[in-house]
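Please find below my notes on the two-chain model you sent. They go through the chains, their domains and a few helices and residues in turn.

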Amino acid sequence: MAATATTGGVTRSARGTLFGARIREAGWGYAFVAVPMAVFGVFFVYPLGYAIYISLYNWGIFGPPAGSKAGFGNYHQVLSDPIFHTAIKNILEYTVGVVPLEMALGLSLALIVNAKIRARTFFRAAFYFPSIASSVAITTIAIYMLSSDGLFNRVVGGHRPWFSTPSTAIWSIVGLNAWTTAGTVMIFYLAALQSIPTDVYEAAAVDGTSGFRTFWKITFPLLRPAHFFVIVLFGTGALKLFDQAFIVSGGSGGPAYATYTPVLYVYRTGLGGNGQFGLAAAAGTIFFVAIFILTLGTRFTVGRGQSL
Amino acid sequence: MRKVLALLAVLAAVAAVVASAQAGTKTTTISLAGWSAGADEDTLLQQIVNKFEATHPSIKVDYSVINGDYTSAMTARFAAHNPPDVFYVDSSLASTWATQGVLQPLNSYIKSSHYNTSKFFPSLLNTFKVGSTVYGFPKDWSPLAMEINTGMLGEVHAKAPKTWAELRSVAQKMVAQNVVSGGKPICLSADWARMLAFVYQDGGSISNLQSPAVSNAVNFYVGLIKDGLAQTPDNLDSDWCGTALGKQKAAIIFEGNWLLPFMSSTYPKTQYGVFPMIKNKTGGNLAFTVSYSMAKDSKNKPAAWTLLSWLTGQQGQKLWVSKGLALPSRSDVKAIGGRANFLNAAKYAHGWGFKNFSTAYTIMNNDLTAVIKGGKTVAQMLSDAQSAVHGS
């Protein structure tokens, strides 16, 4: 008979069995996440680490020249490049413009489809449809619609080529993307609206609060977790703008650098014929750090007390 | 039983013959890639490839079109050491790719196969050389010419302009008589791939972009727009000046041989003529050319050389230019009729491309748009361009 001791009413052998059960339970958990973690490691962690590594060298199409040493020359070159400064300015303008517009449109649509209206299911699908359509197809159609003789000018008047005019190019992309993503934002706000308990509205009705005041004093503040989620998710997405900028400018970032974004800068530097992979990796790393800091800032301001 | 044995013997003999025949003809498969300039070109090239395979049964060619951003796609394939064996190289990128070591030097193949390069137009062949090393052979070329809507020109009772001053005069007449309704007399792209020809016409060059000649040429070019005599394609509801000519939103444009098949297929009813490029102090033009080159990482270099030399040889090029989609880059191949005004520009044509092309061209065109729209001065643009091209 094996020797056993007892502590707190639980025998050591029973404690050992309990510990083993926990190990087995945790082991199953780790086994299930092992595959997605491996994919994450291969397709995110490894490329990130490799990009940081090559950013320290003058890395060309076939690697660095023989005998080259690691250094921060690429970072200095990117940070002192006026085109990179312009790209940062453009993307900040774009993000500050598009995110509030997305939130406003998405919340408006969510309020509409959350109400008891006829054909509510149809409208939910219809408002969401632009989000699932191909962004390339939508942008190509928008180029025609916003051309100098396009449908938009025929309605509002004028002869301005909206994507080819430096002062309106990025704002045209703001309008286009706010429209295409409003449906997705609507989904998040709709879920958040439906999680608000109805008794607060009943109490507000008893107090005789008007519709707008109910929205502004009750609904809007209670949607704070959704606001934080949308700002982080869509703000990060906005900072990574590439496809619309590439399509409307033909990859040049024009007109007059108006649609030059940091991701387009990375693309052109790495794959634009010169094959400056090290320089492109440095630009990408700088931008990654910038987005990370912005996300943290959002977490500690708008997201105070929230968790994703 | 005897019949069965006889049948088996015949079958065995046939199988032996087939097996020995297959063992004797070992085929090599090589890849050929380029961008698409239209369905007509894609079809024509496939027909030419089929002809090559028929005359070279030991080589199979896998021809594919790279859609989208050709430069980026090829850069990625070079980095992956998986490029096509033979592929297009635009003159603007030839020296960059040669310097980066992705193109196979061809001198040893030229020598060993006694390939005669003397028939290539020297200015075109030199575009694909670094020093004395050849990295490709031009498959075709085109300079710019001046294309004019003949109906609109007739309305102002003018002849096709030959100089800058005449161009301005004709455009002013067209404006005065409102000949180009809803458009402008001249379509000018915000593109150094057009404006550089005017720089050469004023005696300037890419080697010093801050010279008075360059500044004068840029001021003339931009001045046509600012004076209401010209406009960029986007302001003429067009994606390029060819569309503007076809839609009759412009009467005068400056484009190459590629305009002709486009107009024929897309705007067949627009009446226009091809005229020599205008001059100022001298003639000046650009030679847009593309080579067939071999990849340094090609695993089938002898077969790739056979294909490359055939495509750019007299026979291959004769087939390529037979439909008028391109002009020959060899003196022993004749272009189809109606191309004289393009061919005569050869003596003034400068190869299109310069140092640091990928980065510099983006900066130069963005700056040119800023100058046209009013966000930058000509001097600022030329300073940026000089730094971008020459790093000074």
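1. Basis. This is a predicted model, in which local features need pLDDT of at least 70 and side-chain atom pairs count only at pLDDT 80 or more, while totals for chains, interfaces and linings use all residues. Residues are numbered from 1 along each chain as its sequence is written, and chains are lettered from A and ligands numbered from 1 in the order in which they are written.

2. Overall form of chain A. Chain A holds 13 helices and 2 strands; helices (H or I, at least four residues) and strands (E, at least two) are DSSP runs, numbered from the N terminus. Its radius of gyration is 26 Å, well over the 19 Å that the globule rule gives for 308 residues, so chain A is more spread out than a compact globule. The radius is taken over C-alpha atoms, and the rule is 2.2 Å times the number of residues to the power 0.38. The C-alpha trace of chain A spans about 95 × 80 × 30 Å along its principal axes.

3. Burial and contacts in chain A. Of the 308 residues of chain A, 35% count as buried. A residue is buried if 20 or more other C-beta atoms lie within 10 Å of its own, exposed if 12 or fewer, and partly exposed in between, with C-beta atoms placed from the backbone. Among contacts between residues at least 6 apart in the sequence of chain A, 70% join residues at least 24 apart; two residues are in contact if their C-beta atoms, placed from the backbone, lie within 7 Å.

4. Domains of chain A. Chain A is divided into domain 1 (10–54) and domain 2 (79–300), with bounds that come from an automatic or database domain assignment. The C-alpha centres of these two domains of chain A lie 36 Å apart.

5. A:F129. A:F129 lies in helix α4 (residues 120–132) of chain A. Its C-alpha atom is separated by 19 Å from that of A:V99, 30 residues apart along the chain.

6. The contact between the chains. Chain A gives 22 residues to the contact and chain B gives 25 residues. On the side of chain A that touches chain B, 8 residues are nonpolar, 12 polar and 2 charged. Here Ala, Val, Leu, Ile, Met, Phe, Trp, Tyr, Cys and Pro count as nonpolar, Asp, Glu, Lys and Arg as charged, and the others, Gly among them, as polar.

7. Domains of chain B. The assignment gives domain 1 (83–142 + 285–353) and domain 2 (145–284 + 358–390) of chain B. Their C-alpha centres lie 28 Å apart, and the contact takes 17 residues from domain 1 of chain B and 17 residues from domain 2 of chain B. On the side of domain 1 that touches domain 2, β12 (285–294) and α15 (340–343) of chain B each supply at least two residues. The largest share, 3 residues, comes from β12(B). That side of domain 1 of chain B divides into 9 nonpolar, 7 polar and 1 charged.

8. Helix α8 of chain B. The 13 residues of α8(B) (residues 164–176) should span 18 Å at 1.5 Å a residue, and the end C-alpha atoms are 18 Å apart, which agrees; the expected span is 1.5 Å times one less than the number of residues. The buried residues of α8(B) are B:W164, B:L167, B:V170, B:A171 and B:M174. They cover an arc of only 130° around the axis, so they are on the same side of α8(B); the arc is that of the directions from the helix axis to the C-beta atoms. An α-helix has 3.6 residues a turn, so residues three or four places apart point the same way. On the other side of α8(B), B:A165 and B:A176 are exposed. The buried residues pack against α7 (150–155), β8 (184–187), α10 and β10 (250–255) of chain B. B:N178, with a positive phi near 50°, follows α8(B).

9. Helix α17 of chain B. Helix α17(B) (residues 378–390) has 13 residues and reaches 18 Å from its first C-alpha to its last, close to the 18 Å expected. Buried in α17(B) are B:M381, B:L382, B:D384, B:A385, B:Q386, B:A388 and B:V389. What covers these buried residues includes α10 (212–226) and α16 (357–373) of chain B. B:G391, whose phi is positive, near 65°, follows α17(B).

10. B:K129. B:K129 sits in strand β4 (residues 129–130) of chain B and is partly exposed, with 18 other C-beta atoms within 10 Å. Leaving aside neighbours within four places in sequence, B:K129 is in contact with B:V134 and B:Y135.
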